[in-house]
Amino acid sequence: MKSTNHLQIAASILADTSRILRMDFRRRAQHLNLTQPQWQTLLNLSREPGINQANLAEQLDVNPVTVAQSVDRLVKAGLVLRERRQQDRRAVSLFLTSKAEPLLEELNVIADETRAVAFAGFSAAEAQLFEELLLRVKMNFCNTDNATKADVKASASARSSKEDV
């Protein structure tokens, strides 16, 4: 009889739960007529105004072309502004416009609703323990190489204010 591999099961549950969270958020946000890369871009720009497209693509873990297309649509919709940097005219920084603020507020409400469903029935102590355990898993990747360590730390600090789904 095969023994149960709890780590394999836990990793599978973690991946599946992440997928379900994104699906729930996507369902709740569909009336906004934004694609997932677009709302992720808006949420990331709210946390890190002035980021460039290459770094944004890295943070979103998508191809730079995907980010460029998403940003093009958001600029056309008047939600994002591209500004050339004075120090290097080739470099472009991304910023949200005031038109994006109400949309961002709604995205945050939707994220709160998704989290409320996900963590229904959790006590404050359980939620804190869960966060600590997940951060421990995430920080374990810091020991793999310097690039991953930097990504994990940047991701942890960027998300410390308010998580997207």
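**Close-up views of side-chain pairs**

**View 1. R19 and D16 sit three residues apart in helix α1, about one turn of the helix.** Helices here are DSSP runs of H or I with at least four residues, and strands are E runs of at least two, numbered from the N terminus. The two side chains form a salt bridge, with the closest N and O atoms 2.5 Å apart; the term means a side-chain nitrogen of Lys or Arg within 4 Å of a carboxyl oxygen of Asp or Glu. This is a predicted model, in which local features need pLDDT of at least 70, side-chain atom pairs count only at pLDDT 80 or more, and totals for chains, interfaces and linings use all residues. Residues are numbered from 1 along each chain as its sequence is written, and side-chain values use heavy atoms, leaving out hydrogens and water.

**View 2. D72 meets R82 in a salt bridge, the closest N and O atoms being 2.6 Å apart.** D72 belongs to helix α4 (residues 64-76) and R82 to strand β1 (residues 80-84), so the pair ties together parts 10 residues apart in sequence.

**View 3. F25 and W39 make a tilted aromatic pair, 4.2 Å centre to centre with 50° between the planes.** Rings of Phe, Tyr and Trp (its six-membered ring) pair if their centres lie within 6.5 Å; planes under 30 degrees apart are stacked, over 60 edge-to-face, and the rest tilted. Helix α1 (residues 6-29) holds F25, and helix α2 (residues 36-47) holds W39. Both F25 and W39 are buried (under 20% relative accessible area; exposed is over 50%, partly exposed in between, with a 1.4 Å probe and protein chains only).
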